[in-house]
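I opened this model to look up a few places in the chain and write down what I found. The entries below follow the order in which I looked.

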Amino acid sequence: MKRHTFFDKLLLFAWVLAANFANPPASQAQDLDATARTHAIKSVLRCLQENYIYPDIAAKMERDIVSRAAKGEYNHITDGNLFAQRLTRDLQAICHDLHVNVTYSAQVLPPEPKHLTLSPQEAEHMRQMLAKENFGVAKVDILKGNLGYIKFNLLAPPDLAAEVYAATITYVSNTDALIIDLRECGGSISPDAIPMLCSYFFKDPVHLNDIYWRHEDKTRQFWSWAYVPGKRYLDKPIYVLTSRRTFSGAEELAYDLKNLKRATIIGDTTGGGANPGGTRRANDHFMVWVPFGKVTNPITKTNWEGTGVTPDIAVPASVALHTAQTTALTEILNPKNDLADGAAASKATGTMDEQWKKVVTTELATLEKTKPQIKPVTFTLKGYEKAKEVMVAGSFNYWTPRTHIMKRKGDTWQVQVPLETGNHSYKFVVDGEWITDPANPQTEADGSYTNSVLTVKE
C-alpha cells in the first residue's frame with residue numbers, strides 16, 4: 001500500500017498531489033472529543049469561506065457540514081485521521097472538487113507563514129528534497145524502435161528543475177517518437193512547470209491557459225517560452241500516458257498538448273482536478289487544501305475540472321505503455337502525410353532505411369505477440385452493510401480508490417475490474433479505512449504495510 005504525503009508542508013501555493021488519491025497520513029491520531037471536532041469543523045469551514053474560488057459553493061458546503069454535525073453524524077468519530085477523511089468526503093460530495101482535502105496531524109502544526117515566499121533555508125530544503133526525487137523525473141529511456149520514454153511522478157519548479165529537464169529532453173531528442181508517462185503523476189508544485197515543459201514541444205510561444213486568482217481578483221496568462229535550455233523536441237509524434245491518478249498540473253500538461261494537437265493521449269480518463277490553490281492551516285491539528293484559482297483554456301474556453309482529460313485512445317492505464325509503443329511504431333512505419341521535416345518526413349517520402357525498417361517491423365511484431373491479456377475480475381467484500389462508500393485500490397489502478405467504486409449487491413460489495421494476467425496487490429477502502437481482503441489469505445508485505453494479493457491466471 002503506497003502513501004503519498006509528498007512535501008505537504010512546503011506546498012502552500014502550488015498545483016499539488018491530491019491527498020484523496022493517497023492513504024491516510026502516518027501520524028498517530030489522538031482521541032478527539034466533541035469540543036475538538038466542533039473547533040475543527042469551524043476552522044475548516046472558515047478556511048473555505050475565506051479562500052475557496054467559488055464563495056457560493058463554500059456556503060453550500062458550510063450548510064451541509066453544519067447540518068450533519070447537528071444531526072450527530074460525527075459524534076462517533078474520535079480518530080483524527082478518520083475525521084479528516086470523513087470531512088473530505090462530505091465536502092467533496094457538495095463541491096465535487098477533488099482538490100478540496102482535509103488532513104490531520106497528531107503533532108501541533110507550525111504557524112502558517114504570513115508570506116508564501118520560502119525563506120532561503122526553506123528553499124534549499126525543498127531543493128534537497130526534490131533532488132532526492134530527481135525533480136520528478138522517475139525514468140528516462142530509449143525503448144526499442146527508437147522511442148523516447150520519460151516518466152514524471154511530479155512536475156517541479158523550473159528554477160530548480162531546469163537543468164534536469166533540459167538534460168532529459170536532450171537525451172531523447174534523437175528518437176522518432178516520444179512517450180510521456182504521467183500515470184503516477186499527481187501534479188505540479190509550480191504553475192510555471194507546465195509552460196517550461198510545453199516549450200520543448202513548440203517552435204514558437206503558444207498560449208496555454210489563463211488562471212484567475214480570487215485573492216488578487218486578477219487573471220494571469222500562461223504561455224510556453226521563447227527560450228528553453230537544451231534541445232527542443234519538434235515535429236515528431238508525442239504520446240501521453242494517463243490514469244485516474246494523473247491529477248492537477250499533470251492533467252494540464254496532457255490537456256494543453258491534446259488541445260494544441262501536439263500529443264495523443266492514451267490510457268484512462270484523468271482525475272479531474274483543475275482548480276489550483278494551496279494548503280491552509282485550519283487549527284493546531286487540521287489543514288485544508290483549498291482551491292482559490294480557476295483555469296480557463298483559450299481553445300476550449302473551459303477546463304478539466306470534474307471531468308478529467310479524456311484519452312484519444314482509451315485503454316486500461318496498466319496497458320497504456322504497450323498501446324503507445326505499438327501505436328508509435330505503426331505510425332513510424334506508416335507516417336501521416338502531414339508530418340514535418342526530419343526523420344519522420346524521410347520515412348514519409350519512402351527513404352526510410354530498409355534495415356531500420358526491418359528492426360522496427362520486428363519490434364512491432366514482438367509487441368503484438370506480447371500484448372497484455374486482460375480478463376474481467378470481480379472483487380467482492382462481504383458484510384459492511386452500514387458502510388457509506390467502499391472502493392478497491394491496488395497496483396492495477398495506481399492505488400487510486402475512486403477509480404473503482406464498489407456497489408452493494410445483496411450482502412456484498414462488488415465491482416468488476418479488467419486486469420492483466422499475473423499478480424496484483426490490493427486493498428479495500430471502507431469509508432476511508434484501508435483493509436486487506438478478509439476472504440483472501442494471500443498477502444504480501446509492503447514496507448510496514450500488508451496488502452492482499454490476487455493472481456489472475458491465463
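The entries go from a helix pair to strands and then to single residues.

**Ground rules.** I am working with a predicted model, in which local features need pLDDT of at least 70, side-chain atom pairs count only at pLDDT 80 or more, and totals for chains, interfaces and linings use all residues. Residues are numbered from 1 along each chain as its sequence is written, and side-chain values use heavy atoms, with hydrogens and water left out.

**Entry 1, a helix pair.** I looked up helix 1 (residues 34–51) and helix 2 (residues 55–70), which pack at an angle of about 170° with their axes 9 Å apart. Helices (H or I, at least four residues) and strands (E, at least two) are DSSP runs, numbered from the N terminus. Axes are lines fitted to C-alpha atoms, for helices over the stretch in contact, and angles run from 0 to 180 degrees between N-to-C directions. Helix 1 and helix 2 are therefore roughly antiparallel to each other; angles over 145 degrees count as that, under 35 as roughly parallel, 65 to 115 as roughly perpendicular and the rest as oblique. On helix 1 the contact is made by Ile41, Leu45, Leu48 and Gln49. On helix 2 the contact residues are Ala58, Met61, Glu62, Ile65, Val66 and Ala69. Contact means heavy atoms within 4.5 Å.

How many residues of strand 7 are buried? I found five of the five (residues 238–242), so strand 7 is largely enclosed by the rest of the structure. Buried means under 20% relative accessible area, exposed over 50%, and partly exposed in between (1.4 Å probe, protein chains only). Ile238, Val240 and Thr242 lie on one side and Tyr239 and Leu241 on the other, and both faces are covered.

I then noted the partners of strand 7. Strand 4 (residues 177–181) runs parallel to strand 7 and is joined to it by four bridges; two strands pair if DSSP finds at least two bridges between them. Ile179 stands opposite Tyr239. Strand 8 (residues 264–267) also pairs with strand 7 in the parallel sense, over four bridges, and here Thr242 has Gly267 as its bridge partner. With helix 7 (residues 249–259), strands 7 and 8 make a right-handed β-α-β unit. A crossover is right-handed if, with the strands pointing away from the viewer, the path from the first strand over the helix to the second runs clockwise.

I traced an open sheet with the strand order 6-5-11 and antiparallel pairing. Its edge strands are strand 6 (218–223) and strand 11 (293–296), each pairing on one side only. From one strand to the next, the twist averages 25°. Strand 5 and strand 11 are joined by four bridges, and Tyr212 has Lys294 of strand 11 as its bridge partner.

Val206 sits in the loop between helix 6 (193–199) and strand 5 (207–213). At 18% relative accessibility, Val206 counts as buried. I listed its contacts, not counting residues up to four places away in sequence: Phe222, Trp223, Ser224 and Leu260.

Ser224 has its place in the loop between strand 6 and strand 7. Ser224 is buried too, with a relative accessible area of 4%. The side chain of Ser224 reaches the backbone nitrogen of Val206 at 2.8 Å. Beyond four places in sequence, Ser224 touches several residues, including Pro195, Cys198 and Asp204.

Is His99 buried or exposed? At 2% relative accessibility, His99 counts as buried. I located His99 in the loop between helix 3 (80–95) and strand 1 (101–104). Its side chain makes a polar contact with the side chain of Ser248 (2.9 Å). A polar contact is a pair of N or O atoms within 3.5 Å; within protein, one must be able to donate a hydrogen and the other to accept it, and residues adjacent in sequence count only if both atoms are side-chain atoms. The C-alpha atoms of His99 and Pro291 are separated by 6.6 Å, though the two are 192 residues apart along the chain.

Seven of the nine residues of strand 17 (residues 422–430) are buried. Strand 14 (residues 390–394) runs antiparallel to strand 17, with five bridges. I also noted the hairpin of strand 17 and strand 18, which has two residues between the strands. Asp431 in the turn has a positive phi of about 50°.
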